[in-house]
Amino acid sequence: AGIIDLAPGYSYDILATSCVDTVTSTESGLDFPMPEDFDGNVLFPGPGGQMWLLSNHELTEPRPGDFTGDAGKCHVEEQATTDDGDSDAWGSVSRLTLAADGVSVLDQELITTGLHNLCAANPTAWGTYLTNEEFPYGRRLVSNDPQQRSGWVWEVDPMTGQATKLTGMGWMSHEQEDYLNTGSWYLTDDQGDFRFIYKFVPDEAGDLTEGRLYGLDFDRDKSSGAWVGPLDPMDPHADMVARGYVPARDGFSKAEGLVANPQRSWIAFSESGEGAMDPGRVWRLVGKGPRVHGEVLAEGDWINLSRPDNLRYAPNGDLYILEDHGSADRAAHPEINPGEDIWILPKGKKGAENLHRFANTDAEPTGPWFHPNGEILYLSLQGNPSRVLAISGDFAKP
């Protein structure tokens, strides 16, 4: 139907559509059109054998029909007396209640509002949802938020929608984070230029409110690096620069999605690149203690892979890589495939020559998440309208 082209043997169901569906706020009881720009999806167990699919919405400004600010602050007296620490912006988290089949939608709700430009997401081991504010995006927007109300990771309770600001993970344009079996968390800063990779070490296991934040000093010539810090979480990028580290030398160009492999022994992340000469690549970082070794899993060449963004490992270890191009990319490189491709890098393989094209779509694909049965891939499409899909098939086959 012009939405997505899939590899043979796969099909999809539309679970939610922006502006078309009606969603109820659990904060205020008010109904709204489903917000636009679905992004990070994570599946959680729900009551009575049902499942909850949480999706965030990458919104920076009000749009016709959208709620404005915190949906829970629906009365003047609430607005005057309640301060939940967020920016009262337009980003939100929606919750789809799914039947046990993982596809049939039973309910649609907004459980968290008032956040800003929410990007990729990931769960914790204890069953909460981490959503990332990709704001301020570019330092030109810092003046719009002098109190630093935006630019944080928020931990959301899937049941209540309660959101906790995780200031220890730093103030930056957050894209995504994930953890390894060492207990440390790794984060990308997607300001759109050269930035650093970060590591957050919680003070206590199972509690992300306090800890130490480190930045990675990476040597491309040696494909290795070392952690620097602890850093000032109120501006870790400025702290790294003040210590003499140069983003264009010691960092990465527009780091995007970041995920751990199924064994949580390494992380993979996208260096999307910028400008007409750099199509981007996907890295793997491995290491315990102060040293880190880096390895390129797949180098972009504009045709087989370029502008890698969202990532997700399938339960069988295959890596799914989602593209995100801009108009300038296509003007400079007409050889780029039309639309946006979703690639599979099979488990144990390296190199763009081993990539398989899984899907192509005119919309930006985001938020991939696999059902534990290995037969459903949840995917957001940031088109007009924006949608959440459930793609069915055998994701364990080659």
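Rings of Phe, Tyr and Trp (its six-membered ring) pair if their centres lie within 6.5 Å; planes under 30 degrees apart count as stacked, over 60 as edge-to-face and the rest as tilted. The model is predicted: local features need pLDDT of at least 70, side-chain atom pairs count only at pLDDT 80 or more, and totals for chains, interfaces and linings use all residues. Residues are numbered from 1 along each chain as its sequence is written, and side-chain values use heavy atoms, leaving out hydrogens and water.

**View 1. Aromatic pair Tyr10 and Phe358.** The whole structure holds 14 aromatic pairs. In this one, the ring centres are 5.0 Å apart and the planes at 85°, so the pair is edge-to-face. Both Tyr10 and Phe358 are buried (under 20% relative accessible area; exposed is over 50%, partly exposed in between; 1.4 Å probe, protein chains only).

**View 2. Aromatic pair Tyr320 and Phe370.** Centres lie 5.1 Å apart with planes at 65°, so this pair is also edge-to-face. Tyr320 is buried, as is Phe370. Tyr10, Tyr320, Phe358, Phe370 and Phe395 form one aromatic cluster.

**View 3. Charges over Trp rings.** The charged end of Arg95 sits over the ring of Trp52, 4.6 Å from its centre. Arg284 does likewise over Trp266, at 4.5 Å. The criterion is NZ of Lys or CZ of Arg within 6 Å of the ring centre and within 35 degrees of the ring normal.

**View 4. Surroundings of Gly46.** Gly46 is partly exposed, with a relative accessible area of 22%. Beyond neighbours within four places in sequence, Gly46 is in contact (heavy atoms within 4.5 Å) with Met51 and Trp52. The C-alpha atoms of Gly46 and Pro158 are separated by 9.0 Å.
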